[in-house]
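Here is a short briefing for a first look at this structure. Start with the view below, then work through the topics in turn.

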Amino acid sequence: CSRLSRRLPRFQMIVRFIKESITRAPRRKALIIAAIAMGSAVATAMLGVMLDIGDKINRELRSEGANIAVTSQAASLTGGVGSIAANAAGAANYIPESEVPDIKKIFWGLNVTGFSPSMTAQDGALQIQGVWFSHPYKAPDGETKTTGIEAVNPAWQITDGRWTPDVLNECIVGASVARRYGWKPGSVITIFGSQFRVAGILLTGDEADDRVLVPLERLQQLTGRAGQVDRIDVAALTKPEDDFARKDPKTMKGKELERWSCTNYVTSIAYEIEQALPGTQARPVRKVADSEGKILSSVGGLMGLITLVALFSAGLTVWSLTATTMMERRGEVAIMQAIGATRGLVAPLFGLEIAMVGLVGGIIGAFAGVWLAHSVGAAVFGASVEVTWILPWLIVFAAMAIALAGAAQPLYRTLRMEPAFILREGV
């Protein structure tokens, strides 16, 4: 009890000092709190968006088209979005249409946002492609879902007419071939001796503008290739590739292979597809996959840079204001040292004061940052951002650390001054 009674006055003295110190120069303290709050708010918002928005950005980028192309191992694959693989290389130069939905059964099936099988044929000068426009299939959970070429290529536009043919003898024609032959919605064209009515004019900006798209089932009938497809275009949510992603899985063992398989790289998803569809080869469409990786990395880097700049600016403001404060209070520090207070006692007193100011600014900034993150998500992506509960707490501690870091140099410089010299000046 006697030891506690001796410590109690010291504790009361510390509390009184901090209380009176915080209430001194309220405008300057308010500026420090505001600077820390602004930095904390920006940091919370940017980190919250960066941690949650990856999949949302990836979904936005899915308008670029398929990022994985699947063909039979006997076929030769040409590059580019929607390119055609039509070179025969053996009797097994096709993929059974019945196996196409197995793509959703892979480990990363939930990341597959759409897939579209296709078959190509040449009728004179016309390139014909049979596709799924809006095709139902049974998902692994037993639910019936719909996929097709529109789901894989959401950026494709129908400039005239409508997207999905109502019957097997309707088709969609590319803008270039339609202009070449003067076709319009309602025009009747002949393909392999059968008449098709043009349902719409398609504008893609790539080689699909030179094709005629017909229902896959109908082209299979006309070419005598029932149940066969040449290619499957797959759109999947992926993580930007790094050096580890580009390693050959055949050279990996144990935990290394498990780590690679459990990361949604475009290469690992393609590998899973090859395992689910024996006799096929799945290759990333590098034009799309690389652009996604660059965009996601750039967005993440930009948000990280904004976070660092905001926190650095807050620390610089704390340094500037604290330097002025310590210059004004150096006489007070000198008196404390003259009556026996050591640097080890004075420094924590001022440190606690700055930490309390940082705590208040951090709490205000964290709450404002959560609101700002939700606003950014709603404005940019039309969806709310889920900020993990631990992030605001981390930001609060970071705000206190930044406040202490900003005040460290002015406090250290003041404590290094000789008390006798300061008191002799009458400061």
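Two residues are in contact when they have heavy atoms within 4.5 Å of each other. By that rule, and leaving aside neighbours within four places in sequence, T144 is in contact with P136, Y137 and K138. The model is predicted. The chain holds 13 helices and 14 strands.

**The chain as a whole**

- The chain has 427 residues, and 47% of them count as buried.
- Take the contacts between residues at least 6 apart in sequence: 75% of these join residues at least 24 apart.

**Nonpolar cores**

- The largest nonpolar core has 41 residues.
- Which residues have the most contacts inside this core? They are V173, V212 and I273.
- I273 touches I68, V70, I103, I106, V234, T280 and A282, not counting residues up to four places away in sequence.
- There is also a second, separate core of eleven residues. Among its members are V131, W156, I158 and L202.

**Cavities**

- Rolling a probe the size of a water molecule over the atoms shows where empty space is left.
- The count comes to four cavities of 30 Å³ or more.
- The largest cavity has a volume of about 110 Å³.
- Its lining is made up of K29, I32, T322, T325, M326, R329, F350, E353, I354, A407 and L411.
- By class, six lining residues of the largest cavity are nonpolar, two are polar and three are charged.

**Helix α10 and what follows**

- Helix α10 covers residues 330-338.
- Its buried residues are R330, G331, V333, A334, M336 and Q337.
- An α-helix has 3.6 residues a turn, so residues three or four places apart point the same way.
- G340 follows α10, and its phi is positive, near 115°.

**Q220 in helix α6**

- Q220 sits in helix α6, residues 216-223.
- Is Q220 buried or exposed? Q220 is buried, because its relative accessible area is 6%, and buried means under 20%.
- Its side chain makes a polar contact with the side chain of E97, at 3.0 Å.
- A polar atom of the Q220 side chain also lies 2.8 Å from the backbone oxygen of Q228.
- Apart from neighbours within four places in sequence, Q220 is in contact with E97, M119, R225, A226, G227, Q228 and V229.

**From β5 to β6: D141 and T144**

- D141 is in the loop between β5 (135-138) and β6.
- D141 is exposed, with a relative accessible area of 56%.
- The D141 side chain reaches the backbone nitrogen of E143 at 3.0 Å.
- D141 and K105 are 36 residues apart in sequence, and their C-alpha atoms are 9.4 Å apart in space.
- T144 belongs to strand β6, residues 144-147.
- T144 counts as exposed because its relative accessible area is 56%, and exposed means over 50%.

**F192 between two strands**

- F192 is found in the loop between β9 (188-191) and β10 (194-203).
- What is the phi of F192 near? It is near 50°, a positive value in a residue other than glycine.
- Most residues other than glycine have a negative phi.
- F192 is partly exposed, with a relative accessible area of 30%.

- V285 lies in the loop between β14 (280-284) and α9.
- V285 is buried, with a relative accessible area of 6%.
- V285 and A69 are 216 residues apart in sequence and 6.4 Å apart in space, C-alpha to C-alpha.
- Q127 is in strand β4, residues 126-131.
- Q127 is partly exposed, with a relative accessible area of 31%.
- Between Q127 and A208 there are 9.3 Å in space, C-alpha to C-alpha, and the two are 81 residues apart in sequence.

Key: Residues are numbered from 1 along each chain as its sequence is written. This is a predicted model: local features need pLDDT of at least 70, side-chain atom pairs count only at pLDDT 80 or more; totals for chains, interfaces and linings use all residues. Side-chain values use heavy atoms; hydrogens and water are left out. On a 1 Å grid over the protein atoms alone, a cavity is a set of points where a 1.4 Å probe fits but cannot get out, and a pocket is an open set with protein on both sides within 12 Å along at least five of seven lines; lining residues have an atom within 4 Å of a point. Grid points are joined across faces, edges and corners, and a volume is the space filled by probe spheres set on the points. Ala, Val, Leu, Ile, Met, Phe, Trp, Tyr, Cys and Pro count as nonpolar, Asp, Glu, Lys and Arg as charged, and the others, Gly among them, as polar. A nonpolar core is a set of buried Ala, Val, Leu, Ile, Met, Phe, Trp, Tyr and Cys residues joined through side-chain atoms within 4.5 Å. Buried means under 20% relative accessible area, exposed over 50%, partly exposed in between (1.4 Å probe, protein chains only). Helices (H or I, at least four residues) and strands (E, at least two) are DSSP runs, numbered from the N terminus. A polar contact is a pair of N or O atoms within 3.5 Å; within protein, one must be able to donate a hydrogen and the other to accept it, and residues adjacent in sequence count only if both atoms are side-chain atoms.
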